[in-house]
Amino acid sequence: MSLLRIENLNVSVASGTNAKTAQRWPVLQDVTLTMQEGETLGLVGESGSGKSVTALSILRLLPQPTLRVDSGAIVFDSREINTLSTAQMCALRGDRIAMIFQDPMTALNPVQTIGKQIEEVLLLHRPTWTGAQRRKRVLALLERVGMPAAEQRLQAYPHQLSGGMRQRVTIAMALACEPKLLIADEPTTALDVTVQAQVLNLIGELQQQSGMAVLFITHDLGVIAETCRNVAVMYAGRIVEQAAVADLFAAPRHPYTRALLGSLPALSANPQQPLPAIPGQVPDIEQRPSGCAFANRCSYRTEICGQLPPLQEIATAHRSACFHADLLTADFARATP
Amino acid sequence: MSDPLLRVHNLRKYFVQRSGIFKQHKSYVHAVENISFDIQRGETLGLVGESGCGKSTLGKTLLRLHEPDAGEIIFDGTDIRALSRADMRPMRKRLQMIFQDPYDSLNSRHTIGDIIEEPLLVHGIGSARERRVAVVELLQKVGLPANSIERFPHEFSGGQRQRVGIARAIALNPDFVVCDEPLSALDVSVQAQIINLLLALRASMNLSLLFISHDLSVVRHLSDRVAVMYLGEIVELAPAASIYTEARHPYTQYLIASIPKPEPGRIKPAPLVGEVPSPLHPPSGCRFHTRCPIAQDICRAQKPELKIIASDSAHRAACHFAKP
């Protein structure tokens, strides 16, 4: 029984200010994802590929009516959440599904102490708890996320904390009700590498203790390799490849994934030499082709790529949306020794 | 070895922070502390470190965009720190900068042509027609179409804007360019394109670069030598080829180990404890001792010098325990 199932999700965006009359462009096209309980799924892609929109759709936090779910099903814990009322959705958010955001400064209220902000989650979702119970829980949460001198920090304001500590606070808020699914949207992008290592480690530990599932959104393939079990690669609003992390990195079966891995200046690659960069750029949302969106940058392109390649199972638990996935099998040897 | 293009000796930059009702309390942010290094002609020195370690301040201080408090900056035989504003002006032609954010560093109300022409105009180079020709050539050099000239920054993507920033920096045919995190706002696939552009321009123009970044893999790819900064000081300086395999300073070793690598199943190091201390009150002795796994009493008491530690005299580290 899967925890989360997204089926053929289509989301569109309105161009211009008047959402009623404006033309709409597809942002997400036929996104299908499944997550089991306790699974870590990485969602990777470049800016504008639709990673964050997928996350916001799950929580129904899309800025309506500019962005709108046109069709598709989102089933969480055996319930179709697209049809829930606003009140039911509010009860779910922060309790069963929680989210942490990229920028911990804008995610926190600057004029409230961090103790109050964490307590707010409990006020909303645990209305029968007494003040003493809540405060005890807040302190326990701060200690669990590794906040030094947690008791004194209850009274601290966000500006008094460093970026890494702020991100620990947002993680504490997300964990307050022990959610079954944590959505982490670029949680370490704003942090330095050494702090990033601390935060990634923390998320991993907390997940092992609590058994929650984590949807990990990032543009950093290195972060995916170190934190996730499975991974879905997005390009121009579609999932183009999906596999277990070990399989994807060992043998990518979509030209985009392969090119992306190839263009990383890995520490062991040939320094000073030109990198195999992907030519051109991601097509604008108004100009996405009807066929394969990667075709104009792809070295494997043929005539058939003018049609839309379906996301097909090409090996066990490995799916790729490329007509030429069969060509991309053995010849991929990464430059790492 | 010939004379270096740039020689920096004991450079220091503090920022004053005032607090209290009448701003009567002064404290100092120790942003750049007694830094010395050379850059040869055509060489690229990579500068890595975490936010707040002073790497951008160092880059700007070298160009006197911040006035240094002490030390020497000898560029091609001249101490530019001693130059008057008027004498500094012609020197600026030879010293340029590429900025991090391709959105904030271009004036949104100017056309691409105006932006790239501006340095030529400021320094009174050529007639209007000659400048126009120069701009078209520059656009071609950085891989932008000639019709970009009449267009505005908002019509371009991040990678294309960064190309404009690069065209502006090389317009005056400089000898030395400070690149301050020029890739960090870009997506991975675009990042590789800009890296390739910088590699090509460096070779064709014999540029010396100070390449500032927090991304070690990018720095190693582009640089001849790499300097690692921690809290305003250089803790290690080594050839790019050896710093990643033979890092001698515990901070450098940790920094390298903590980069997430696209290799599933890699054994990750235990995270470093704590955070970077405040540059307002840097720790005594070795500034890294508060987080260092091998710190001893001597590290708290005595500041280690940046000294040669390997048979290769180009490899220096500031650690009491770095093995020679």
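**A walk through a predicted two-chain model**

Hi everyone, let's start in a loop: A:Pro65 sits between helix 1 (51–58) and strand 4 (67–76) of chain A. Helices here are DSSP runs of H or I with at least four residues, strands are runs of E with at least two, and both are numbered from the N terminus. The peptide bond joining A:Gln64 to A:Pro65 is cis, with omega at about -5°.

A quick word on the ground rules. This is a predicted model, where local features need pLDDT of at least 70 and side-chain atom pairs count only at pLDDT 80 or more, while totals for chains, interfaces and linings use all residues. Residues are numbered from 1 along each chain as its sequence is written, and chains are lettered from A and ligands numbered from 1 in the order in which they are written.

Now, helix 5 of chain A, residues 131–144. How far apart are the end C-alpha atoms of helix 5 of chain A? They are 20 Å apart, which agrees with the 20 Å that its 14 residues should span at 1.5 Å a residue. The expected span is 1.5 Å times one less than the number of residues.

Which residues of this helix are buried? They are A:Val138, A:Leu141 and A:Leu142. Buried means 20 or more other C-beta atoms within 10 Å of the residue's own, exposed means 12 or fewer, and partly exposed is in between, with C-beta atoms placed from the backbone. As a reminder, an α-helix has 3.6 residues a turn, so residues three or four places apart point the same way.

On the face turned away from the buried side of helix 5 of chain A, we find the exposed residues A:Ala132, A:Gln133, A:Lys136 and A:Ala140. The cover over its buried residues includes helix 4 (114–125), helix 6 (150–153) and helix 7 (163–175) of chain A. After helix 5 of chain A comes A:Gly146, with a positive phi near 75°.

A:Glu178 has a phi of about 50°, and it is placed in the loop between helix 7 and strand 7 (181–185) of chain A. B:Leu231 has a phi near 45°, in the loop between strand 9 (225–230) and strand 10 (233–239) of chain B. Are these residues buried or exposed? A:Glu178 counts as exposed because it has 12 C-beta neighbours inside 10 Å, whereas B:Leu231 is buried, with 24 other C-beta atoms within 10 Å.

On to the domains, whose bounds come from an automatic or database domain assignment. Chain A is assigned domain 1 (4–228) and domain 2 (235–320). Their C-alpha centres are 27 Å apart, and the contact takes 18 residues from domain 1 and 13 residues from domain 2 of chain A. Two residues are in contact if their C-beta atoms, placed from the backbone, lie within 7 Å. On the domain 1 side, strand 2 (24–35) and helix 9 (221–227) of chain A each give two or more residues, and strand 2 of chain A gives the most, with eight.

How do the two chains meet? In total, 35 residues of chain B are in contact with 37 residues of chain A. On the chain B side, the elements giving two or more residues are helix 6 (188–205), helix 7 (216–222) and helix 9 (250–257) of chain B. Helix 6 of chain B supplies the largest share, eight residues. That side of chain B divides into 16 nonpolar, 11 polar and eight charged residues. Here Ala, Val, Leu, Ile, Met, Phe, Trp, Tyr, Cys and Pro count as nonpolar, Asp, Glu, Lys and Arg as charged, and the others, Gly among them, as polar.

Last stop, the largest nonpolar core, which has 184 residues. A nonpolar core is a set of buried Ala, Val, Leu, Ile, Met, Phe, Trp, Tyr and Cys residues joined through C-beta atoms within 7 Å. Touching the most other members are A:Ala172, A:Leu215, B:Leu210 and B:Val228. Leaving aside neighbours within four places in sequence, the contacts of A:Leu215 include A:Met35, A:Leu41 and A:Ile183.
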